[in-house]
Each structure stands twice: as C-alpha cells, then as structure tokens.
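Here are some notes on the model you sent, as numbered points. They cover the sheet, the core and the aromatic side chains.

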Amino acid sequence: MANIDDVFGGNTLKAADIKGREPIVTIEDVEVKLFKEKDGAEKKKLLIYFLNTKKAMVCNVTNARRIAHLHGPDYTEWGGKKIKLKVEMVDFGGQVMDGIRVFPAAESTGEDIPF
C-alpha cells in the first residue's frame with residue numbers, strides 16, 4: 001500500500017515506522033547533532049544509527065538514559081550493543097501520542113528487523 005511517509009518520511013525513525021513490531025536492533029554508531037527547536041534555539045541530541053537500517057533514531061533523554069542503564073553512560077561505547085524498540089503512548093508537548101521507547105533486547109528472542 002502506498003503511503004505519504006514513503007515520499008516525505010525523512011531519514012529519521014518515527015513511531016509509525018515500527019508500530020506493531022518490536023524490532024531488535026544493533027547500534028552501529030552514535031553522533032551528537034544540533035537540532036533546531038520550534039522556538040529557534042539549538043539543542044544537542046544523540047543520533048543513533050543501526051546496522052542494516054536506512055533510518056537513524058533521534059534519541060531523547062528518556063531513551064538515552066535507558067540505553068545508558070543497559071550499556072553504560074559512555075555513548076561512544078554503544079556500538080555493537082543490541083536494544084529492542086517498542087511504540088508506546090507518551091506525553092509530548094502536552095499531548096499524548098505514539099513514541100519510541102527502548103527496552104533490553106533480552107526481552108525477546110526475535111531477530112534484527114530492518115526498517
């Protein structure tokens with residue numbers, strides 16, 4: 001089925017990309033990137049790249065802390081580590097919406113799923 005996200009989806013991972021699945025992904029690389037906020041201010045965030053995927057995940061502080069809990073706080077050492085991604089309801093900007101959350105890969109025996 002054709003979807004507008006196939007045309008305008010961008011190169012960062014969105015909840016819609018994995019909704020209904022719980023992929024196990026292997027972190028390939030992590031970089032710090034400046035993102036422009038709605039108010040024009042710039043904010044540093046982690047951009048996480050996964051093996052065998054086309055899209056990177058913009059990592060919010062909640063997910064960064066979860067990965068740090070699992071694999072240590074030094075994000076330069078996260079390469080090669082596995083995590084599971086799930087979509088959950090999250091509060092963002094005063095609204096409830098779907099968001100990506102990180103979980104231990106050990107919760108599943110599934111294989112890496114490219115997105």
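1. Two strands are taken as paired if DSSP finds at least two bridges between them. On that basis β4 and β5 form a hairpin with 2 residues between them. In its turn, G93 has a positive phi of about 60 degrees. The model is a predicted one.

2. The pairing of β1 with β4 is antiparallel and has 3 bridges.

3. Between β1 and β2 there are 9 bridges, again with the strands antiparallel. One of the pairs is K36 with its bridge partner E42 in β2.

4. Taken as a whole, the sheet is open, has 5 strands in the order β3-β2-β1-β4-β5, and pairs antiparallel. β3 and β5 are the edge strands, because each of them pairs on one side only. From one strand to the next, the twist averages 35 degrees. The helix α3 packs on this sheet and touches β1, β2, β3, β4 and β5. The direction of α3 makes about 15 degrees with that of β5.

5. Which residues of the largest nonpolar core touch the most other members? The core has 18 residues, and I27, I48, F50, M57, I67, I83 and L85 hold that position. Elements giving two or more residues to this core are α2 (15-18), β1 (24-36), β2 (42-50), β3 (57-59), α3 (61-71), β4 (82-92) and β5 (95-104).

6. Leaving aside residues up to four places away in sequence, I83 touches P23, I24, V25, I27, F50, I67, L70, H71, V102, F103 and A105.

7. F103 has charged side chains over its ring. The charged end of R66 sits over the ring, 5.0 Å from the centre. K86 lies over the face of F103, at 4.2 Å from the ring centre.

8. What does a search of the whole structure find in the way of aromatic pairs? It finds 1 aromatic pair. The ring centres of Y75 and W78 are 6.4 Å apart and their planes are at 70 degrees, so the pair counts as edge-to-face; the cut-off for that class is over 60 degrees. W78 is buried, with a relative accessible area of 1%, whereas Y75 is partly exposed at 31% relative accessibility.

Methods
Residues numbered from 1 in each chain as written. Predicted model: local features only at pLDDT ≥ 70, side-chain atom pairs only at ≥ 80, totals over all residues. Heavy atoms only, no water. Phe/Tyr/Trp six-rings, centres within 6.5 Å; stacked < 30°, edge-to-face > 60°. Buried < 20%, exposed > 50% of the residue type's maximum accessible area, 1.4 Å probe, protein only. Lys NZ or Arg CZ within 6 Å of the ring centre and 35° of its normal. Core = buried A, V, L, I, M, F, W, Y, C linked by side-chain atoms within 4.5 Å. Helix = DSSP H or I, 4+ residues; strand = E, 2+ residues; numbered from the N terminus. Contact = heavy atoms within 4.5 Å. Axes fitted to C-alpha atoms, helices over the stretch in contact; angles between N-to-C directions.
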